[in-house]
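Let's take a walk through this protein together. Have the sequence and the 3D view at hand as you read.

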Amino acid sequence: MFRRIRFHHPLTALLVRRAETLPATRQVSELRKQIPTLYGLLCVNSWTLAATHLRVAPALLTLVFPVLVVFICFARAATWWRIRPETLTEAQAIRQLNVTTTLTAILSAVFVGWAVALRDYGGPYEQYHVAIFISVTIIACTFCLTHLPAAAYISTGTVLAVFLVCCLLSGNEVFLAVAVDTAFVTAVMVRILTSNYRDFVELVASKAEASRLSDENARLAHTDSLTGLPNRRYFFQHLEDLTRTCAAEDGRFALAIFDLDQFKPINDTYGHTAGDRVLAETGRRLAAFAGPGVTLARLGGDEFGVLIRDPAAPATVIAFCDGICAALQEPIRLAEIRVVAGCSCGLAKFPSAGREAAALFDRADYALYHSKLHRRGRTTLFSQVHEDAIRAERAVETALRTADLPAEMRMHYQPILDTETGAITLVEALARWTSPVLGQVPPDRFVAAAERSGMIHAVTLLLLRKALADAARLPHRVGLSFNLSAHDLAAPETVDAIIAAVRESRLDPRRLTLELTETALMRDFEQAKTAIVALRALGIKIALDDFGTGYSSLGYVHRLPLDKIKIDRSFMAAADTEVGGSVIATILSLCRNLGLDGIAEGIETEDQREAARRHGCRYIQGYLVGRPMPIGDLLARLAEDESGGEPLRLSA
Ligand code: C2E
Ligand code: CA
Ligand code: CA
């Protein structure tokens, strides 16, 4: 409860319990409504009393004094009118209250003195009027000074005391009766006043408490409990506000989204408590970048948002965001271990990248996606190039939606060579789409478009059925390797449909390999694991594709039942360099330890083939072995290899 202890007027401290005081500014604001009325009332009362005594009392009392009273009352009323309580400090308000209390004491004495002075003039009616004047004045003061109890008590006490003494001394029974009546009425009124004042103080205090609680609730509703940063709700409200004000004022701001690069592997490997500590530390590091015009928030998961009002030149904003990325590149200590979370950033500027909050956020998110793919640990500013790319992606999505997929899509097959036997033991199915609108569309582009537009389930199954049908024409010694999208494993219904399609095809499931990327595993590790277990139970083999390009957490490889690892072609291209060579050696020794087959992708030259051999890689794939080709060409090639007795014939 609201319990401020303050000493106003010394008398207030004496008469009102400290805990029952109001903020002085609030008292002033309440009194301002009553005091001018009180002065008006005093003027009218004084003038009527003066009027009834005009002929019987000296002019000093009936003319000079009332004129003076009017003057003083107007001056005081004007002072109160001019007060603006909302502009007063607490100290100024206390001073104002003290002046009022002191003046009330003086004025009460003056008024009652004047009234008593008039008592000696005129007949019983005039004297009776004096008594009425005093009683009424007491009542008026008590009510009008409710919010300044000290002043009310002083004025009531002074006037009543004088009145009682005078009445007693007069020996007149009627006056005595009036005095006793007035004293009782006053006592009752003072009680009511005190209780009203207490109720009022409590009401004000409970309102203050309610408003404090609602402020606290609002603050909590806008704060992320883990990091203490503003949360998503706050971020988007602020983003909407900024968009509106900047649109109206022709202002500028930048929106940056940060996403931790290694959060998932850390969380999966070391547990949620470690994950929470990484997020809390990230929040702490980010908070160091807050400043005027810079708002930071946790958007959810390992994603953080920053709004920068009136950003400087693009290079400066990018440098600012790169600074945040660099801060997160510093290791984070978790008990005995140290981890590096790292982060990438996407940046979009208002209004060039978008004039609406949602559009701007999407652009920043697109730039972030670009950073994740091509500029990990750095900032990408959304630009016209990205805008064009988005347009092109939309065109692919549109064409895909209206396509006759079974007619327009075909499969090509790329041979994978077993260097030990010199035979092609596996072929990888690679999808080809010739759109009547767009022409040839590369598979990674239309697969991504199908993922975005929710068509991937249909596309995967269509391609798988085509590949399975073609596989029926392959010699039994040759297996089929088929690529799955990152979305496929995450959807149990797709996994069920894949199993059903394999069963229907009558292909021996042991001849089928499904290629997954690390991204597929990252989407939902547990679901991916469940799916892999189900697929392997049928005899289907699982290959981890493009190994080394994704999150490359060795933890995944250990914790998943895999059969093969495909070493990404970027490593094979760098096989002669020291780093490339040692990465290949490491991956292959991992394969040997875990009993997995290693397949080197993208073997284009004899040197690369030799490097693969040197590192002990048994399976190779690439243009040197054969380009992706239609099933007819592949069958001819396989037949030629078999009959020609020259199984190692390599095509460049
Ligand atoms: P990927 O699974 O890594 O497939 C290998 C890609 O490398 C193929 O590109 C292939 O043509 C190319 N390639 C093979 N040997 C060499 C080489 O020696 N040098 C170079 N520079 N490239 C080589 P493609 O066919 O354009 O496929 C690109 C990606 O599209 C694939 O990468 C795969 O991720 C995806 N993809 C292809 N077909 C399918 C499919 O049926 N389903 C799904 N979900 N994704 C597919
Ligand atoms: Ca592949
Ligand atoms: Ca690959």
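Glutamate 428 and aspartate 545 are both buried, where buried means under 20% relative accessible area, exposed over 50% and partly exposed in between, computed with a 1.4 Å probe and protein chains only. Before going on, a word on the source: this is a predicted model, in which local features need pLDDT of at least 70 and side-chain atom pairs count only at pLDDT 80 or more, while totals for chains, interfaces and linings use all residues. Residues are numbered from 1 along each chain as its sequence is written, chains are lettered from A and ligands numbered from 1 in the order in which they are written, and side-chain values use heavy atoms, leaving out hydrogens and water.

What holds the calcium ion (ligand 2) on the protein side? Its protein donors are Glu428 (OE), Asn483 (OD1), Glu515 (OE) and Asp545 (OD), at 2.1 to 2.3 Å. Donors here are N, O and S atoms within 2.8 Å of the metal (3.2 Å for Na, K and Ca), and because water is not among the atoms, sites may look incomplete. Along the chain, these donors follow the spacing E-x54-N-x31-E-x29-D. Glutamate 428 sits in strand 9 (residues 423-435) and aspartate 545 in strand 13 (residues 541-547), so the pair ties together parts that are 117 residues apart in sequence. Helices (H or I, at least four residues) and strands (E, at least two) are DSSP runs, numbered from the N terminus.

Aspartate 545 counts as buried because its relative accessibility is 7%, whereas aspartate 546, at 25%, counts as partly exposed.

Stepping back, the chain has 25 helices and 16 strands. Its C-alpha trace spans about 150 × 50 × 45 Å along the principal axes. The radius of gyration is 45 Å, but a compact globule of 652 residues would have one near 26 Å; the radius is taken over C-alpha atoms, and the globule rule is 2.2 Å times the number of residues to the power 0.38. Even so, buried residues make up 48% of the 652 residues.
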